[in-house]
Amino acid sequence: MTLCNSKCKFAQVKVDKKLRLVLQLTAPTLRLLYYISHFICVNMKLYQAPTAIGRTLFRIVIEKRGERMDKPDENKILLFPEFAELKEEIAKLQVELSMLVLERDELQFHQCKTIEMAYLLGVGAVEYKIFETQCVILRLKRKIEMIQAKLNRQEKIDVVHIDDLLEQEFEKYQAELNARTQQMNAALERSQGHLLTDEEDLELKKMYRLIVKALHPDLHPEVSGEKLQLFYNAVEIYKNGDLGGLQVIATMIDDLVIPEEKPDDLRTIKQEKNRLLAMVQKVKDKIVEIKSEYPYTMKDLVENPKAMAEQKTQLEEEMDQLKEMAKLYQSRIAKMIRR
């Protein structure tokens with residue numbers, strides 16, 4: 001027996017006696033032991049030992065898990081512990097991102113719209129009249145300035161010409177009034193639409209989350225144009241609370257094959273983890289922003305009928321004061337023109 005074969009036999013006997021003591025170790029640890037044994041044996045020129053030791057190590061792991069390993073898979077890629085941990089972290093980040101996207105869209109497309117509808121139907125009409133009267137007062141004040149300038153220069157007062165100039169100057173205010181009118185119309189339309197039951201609302205969220213997990217471009221950067229358009233259609237349907245339409249798309253994605261990116265090196269998978277971390281933080285920031293702005297800031301108010309009634313009373317009192325102010329300015333203009 002050669003020296004090399006003797007050493008191999010000695011190494012194998014030692015492995016058979018000692019390796020049963022490592023049953024409590026995890027698979028990644030056993031893989032690491034395999035690599036170490038391979039390195040030692042190669043450096044000792046025990047060319048037959050790595051395979052024997054490796055098979056014994058992995059036979060113990062397989063037996064521990066109740067599996068079979070008749071033959072070693074020569075083509076199987078063994079993952080380093082860090083790689084496996086990163087893959088697990090990415091899976092968790094994908095779940096977290098999908099949940100955050102659902103929360104953000106629920107806030108934007110449903111909660112905020114419902115809050116705004118309740119607020120506008122409660123006090124929106126009074127607020128609109130207040131803004132309209134404020135615009136009238138600003139216009140009257142500007143008209144007084146223009147008439148006074150004519151009087152100071154002892155020029156003829158052309159009221160029609162002054163009104164034309166004021167129309168141009170106050171275009172932005174008219175645009176704002178038009179926008180507020182559209183808001184009121186949208187609130188009225190929403191109030192007359194079909195309201196989902198609690199069960200239907202839960203089903204809507206469930207279907208939408210499935211679609212987000214399957215098609216959202218932040219989770220699947222590789223999604224093709226057709227599937228991306230399908231996702232955007234789902235977003236619009238979700239905005240409208242169309243449960244039936246969303247169920248159709250959810251059924252469709254069961255048959256879709258979404259290609260998955262499979263990073264094959266630590267650098268690539270770390271980049272993917274960092275990308276997902278950035279997206280998670282971005283969606284979290286957006287949620288905070290939504291909750292800090294109108295209409296979400298009216299949530300507590302619309303949920304308190306007494307507070308809403310007090311708010312309406314205060315606005316009506318403010319409206320009465322503005323009307324009196326507008327009358328004073330109109331009276332002053334009439335006097336200036338009669339001079």
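Colleague: Which residue forms a salt bridge with K205, and how many Å apart are the closest N and O atoms?

Modeller: E106 is the partner, and the closest N and O atoms are 3.7 Å apart. The pair links distant parts of the chain, 99 residues apart: K205 sits in helix α7 (residues 198-215) and E106 in helix α4 (residues 81-152). A salt bridge here is a side-chain nitrogen of Lys or Arg within 4 Å of a carboxyl oxygen of Asp or Glu.

Colleague: What should I know about the model itself?

Modeller: This is a predicted model: local features need pLDDT of at least 70, side-chain atom pairs count only at pLDDT 80 or more, and totals for chains, interfaces and linings use all residues. Residues are numbered from 1 along each chain as its sequence is written, and side-chain values use heavy atoms, with hydrogens and water left out.

Colleague: Back to that pair. Is E106 buried or exposed?

Modeller: E106 is buried, at a relative accessible area of 11%. K205 is partly exposed, at 24%. The cut-offs: buried is under 20% relative accessible area, exposed is over 50%, and partly exposed is in between (1.4 Å probe, protein chains only).

Colleague: How many salt bridges does a search of the whole structure find?

Modeller: It finds 20. One of them joins E155 and R153, at 3.1 Å from N to O. E155 is partly exposed, with a relative accessible area of 34%.

Colleague: And which residue does K239 meet in a salt bridge?

Modeller: E236, with N to O at 3.1 Å. Both are in helix α8 (residues 225-239); they are three residues apart, so about one helical turn separates them. K239 is partly exposed at 27% relative accessibility, and E236 is partly exposed at 42%.

Colleague: New topic. How many helices and strands does the protein chain have?

Modeller: There are 12 helices and zero strands. Both are DSSP runs, numbered from the N terminus: helices are H or I with at least four residues, strands are E with at least two.

Colleague: At what angle do α4 and α6 pack?

Modeller: About 145 degrees, with the axes 8 Å apart. Axes are lines fitted to C-alpha atoms, for helices over the stretch in contact, and angles run from 0 to 180 degrees between N-to-C directions. By class, the contact of α4 with α6 has 14 nonpolar, six polar and seven charged residues. Nonpolar covers Ala, Val, Leu, Ile, Met, Phe, Trp, Tyr, Cys and Pro; charged covers Asp, Glu, Lys and Arg; the others, Gly among them, are polar.

Colleague: Where is K113, and what does K113 touch?

Modeller: K113 is in helix α4. Leaving out residues up to four places away in sequence, K113 touches Q108 and R190. Contact means heavy atoms within 4.5 Å. K113 is partly exposed, at 37% relative accessible area. From K113 to K239 is 126 residues in sequence and 9.6 Å in space, C-alpha to C-alpha.

Colleague: Where does G193 lie?

Modeller: G193 is in the loop between α6 (171-192) and α7. G193 is partly exposed, with a relative accessible area of 36%. The C-alpha atoms of G193 and G241 are separated by 9.9 Å, and the two residues are 48 apart along the chain.

Colleague: Last one. What percentage of the residues is buried?

Modeller: Buried residues make up 32% of the 339 in the protein chain.
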